[in-house]
Amino acid sequence: MTNKTPVLEIKNLCAGVASQEIIQNLSLTIYEGQVHAIMGPNGAGKSTLSHVLTGKPGYEISKGEVLFKGQDLAKLKIEDRANEGLFLIMQYPVEIAGVSFMTFLKHAINKKRAYQGLAPLSAPAFIKLVHEEADKLNISDDMLKRAVNVGFSGGEKKRMETLQMALLKPSLAILDEADSGLDIDALKVVSKGINDLNDGKRALLIITHHQDLLDYIEPDFVHVFANGHIIKTGDKTLAYELEAKGYTDFIKEASCKSC
Amino acid sequence: MQELLKNIVWLEDDNPVLFAWHQKGRAAFKEFPTKKTEAYKYTPVSEVLTPEMLNVKSHVKDDHCDHGAHHLPFDAYEFCFCDGHLHRHFHAGDDIEVLPIDEAVKTNEIGAYFAKIDLAQYPFAALNTAFLKEGLFIRIHKTPQKPIVFLYHNKNRGFKNIRNVIVADKGVKAEWIEMFEGKDEAYFLNIVNEIFVLNEAKLTHHKLQHEGEEAVHIALSDAHVKEGGQYQSYAFEKGGKLVRNETHVMLNQENASARVNAAYHLLRKCHIDTTTNIEHLSENTRSDQLVRGVIDDKGHGVFQGKIHIAPDAQKTEGYQIHKALLLSDEAKVDVKPELEIFADDVKCSHGATSGDLNQDEIFYLESRGIDETSARQVLVNAFLQAAFDDVENPDIKKLYPSD
């Protein structure tokens, strides 16, 4: 571990919506190249974690801190978090009528380039780049011309999320599957996209309550999440243990570390 | 209020034909509409006009027309108006016949196609007739090889009246684009277009209005559509202090159809009024209206949309929808849809919505690295462009907002 840099450091984090603390004294460190999975029952606060990390309006940090590549995440605007390399594969990507995927991708790519001090991509270079990545994910030209996520199936939406991730090459991708039903085909595509991306410099945080997902993306660490924090950490065998025993036994043993 | 009338210096042309029209217009023009005038209750023009704006002589005629100010990305028949004066050295092809309006009214040919507007109902058309002098008569004989473009440059204060007559002959397919640009001077542009779409003809009328910040712009397009004819109108309005864009379509014969789409984007204290009246006067006629407005700052949008279906106009379809985005607390919109249906076998609907930008959409764009200002701009353009989705000519489509 010593030669690696932490991508994400969560230290004694308390956070939530309005006055309600949902994340309670959470600590977690993720290094380059690692895959972490956070698993827990519904209502444990898993989705809140992804919202806090991406900066969704309404979610506040009350105590503790989150460092993203050494920077205080709370001080970064939503778009700067993205341009620094944080990417959330959304559980329910938003539909945006009237904006084609191509236009949306062009804005996203060129904003990131501008953030990095690079000139915008030329139109042909942009089109070539998008098509190269789209082909790998079986995304047709027609899908790229359509409005962002409008009328897309759940699986198509996930593929488009994966395409964005492939183009933006984040340092940390968060796959939020906290409560959605899993579509195995979509999952295969997404996990292939994620595995292709992981060149040892990128990290992945999977948030789920299904262990099925972990058959496709092998985690280095599995964390059991309850009462707003991690109650147990192990390797991927912990996921199978969870599958066999259910969450109840783990939660019983868990300490209460309220804020 | 009608003190304003005293400031008007009426035109008295030596030519007897013009003189007669001026007298007729003057007799029909009673007063400037006020809040109490039903058709203008949301747009009391008289409160904005000043004596200075009604001065027809406050600008000198300027023969130097800024042709070069516009670089159209396509080839077109171009006609230019500077401060309301037609630039009379123009080029026409053999597919279109072009005459200045003051010459055209002296000929027989225009007879059936001129002054078909009820001046009692349209006070500004009466006023326009009282100042009949500038404008174009265009008769499209054959489908033109390129679009017809009218450029209106307004540099100086004062009162400008323009009257155009466009006739699309039987079976012709044509595109006509009006582009308005102006400096921030107090001027009043009063324009009337009389449009005739003959049997099986299709005229697509585009309007890009970007007047100066102090301008009053009153426009009436009065269209008559014959059997199987199609009148398509697209307008994007984003300038002016007070603007009224009024479209009156008469679907006179069977299978005539109209598409009237508009979008407006209001900033500052800009006031833009979109008023439509589609009259279905025959069987199997169809109309579609889609209007979208984005209102920011202290802007005030107005939409008055009427669909009239005459007793004989069975199997008619008329649809209308107005959607507004209100982006500030002081933004305001007044919407008045009217359906007048006197036939029983018709399909007709109208709808209106207003709201703010969707916060989840903004967040999604931000979470992909797009800052809030850009995200809002992307969403505003996406909203507006829906009015221009159906524009068939890709070169022309590029003149409108796009994603």
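In chain B, the side chains of B:Asn161 and B:Asn190 make a polar contact at 3.0 Å. A polar contact here is a pair of N or O atoms within 3.5 Å; within protein, one must be able to donate a hydrogen and the other to accept it, and residues adjacent in sequence count only if both atoms are side-chain atoms. The model is predicted, so local features need pLDDT of at least 70 and side-chain atom pairs count only at pLDDT 80 or more, while totals for chains, interfaces and linings use all residues. Residues are numbered from 1 along each chain as its sequence is written, chains are lettered from A and ligands numbered from 1 in the order in which they are written, and side-chain values use heavy atoms, with hydrogens and water left out.

**Around B:Asn161**

- B:Asn161 sits in strand β6 (residues 158-168) of chain B; strands (E, at least two residues) and helices (H or I, at least four) are DSSP runs, numbered from the N terminus.
- With a relative accessible area of 8%, B:Asn161 is buried (buried means under 20%, exposed over 50%, partly exposed in between, with a 1.4 Å probe and protein chains only).
- Not counting residues up to four places away in sequence, B:Asn161 touches several others, including B:Gly84, B:Leu127 and B:Phe131; contact means heavy atoms within 4.5 Å.

**Another buried strand residue**

- B:Thr247 belongs to strand β12 (residues 242-251) of chain B and is buried at 6% relative accessibility.
- Among the contacts of B:Thr247, leaving aside neighbours within four places in sequence, are B:Ser221, B:Tyr231 and B:Val260.

**A pair of strands in chain A**

- In a regular strand, side chains alternate between the two faces of the sheet.
- In strand β6 (residues 86-89) of chain A, A:Leu86 and A:Leu88 point one way and A:Phe87 and A:Ile89 the other, and all are buried.
- This strand runs parallel to strand β9 (residues 172-177) of chain A, joined by four bridges; two strands pair if DSSP finds at least two bridges between them.
- Within this pairing, A:Ile89 stands opposite A:Leu175.

**Salt bridges within the chains**

- Over all chains the count is 36 salt bridges, each a side-chain nitrogen of Lys or Arg within 4 Å of a carboxyl oxygen of Asp or Glu.
- A:Lys11 and A:Glu65 form one of them, with the closest N and O atoms 3.7 Å apart.
- A:Lys11 lies in strand β1 and A:Glu65 in strand β4 of chain A, so the pair ties together parts 54 residues apart in sequence.
- B:Lys202 and B:Glu392 meet in a salt bridge at 3.0 Å, N to O, linking parts of the chain that are 190 residues apart.
- B:Lys202 is buried at 12%, whereas B:Glu392 is exposed at 58%.

**Where the chains meet**

- Chain B and chain A bury about 2,000 Å² between them, 65% of it on carbon and sulfur atoms; buried area is the accessible area (1.4 Å probe) that two parts lose on being put together, summed over both.
- In chain B, B:Phe363, B:Tyr364 and B:Arg368 lose the most area to chain A, together 39% of what that side buries.
- At this interface, 18 residues of chain B are in contact with 29 residues of chain A.
- Two salt bridges cross the interface, and B:Asp371 and A:Lys111 meet in a salt bridge at 3.0 Å, N to O.
- The elements giving two or more residues to the side of chain B that touches chain A are α5 (359-366) and α6 (372-385) of chain B.
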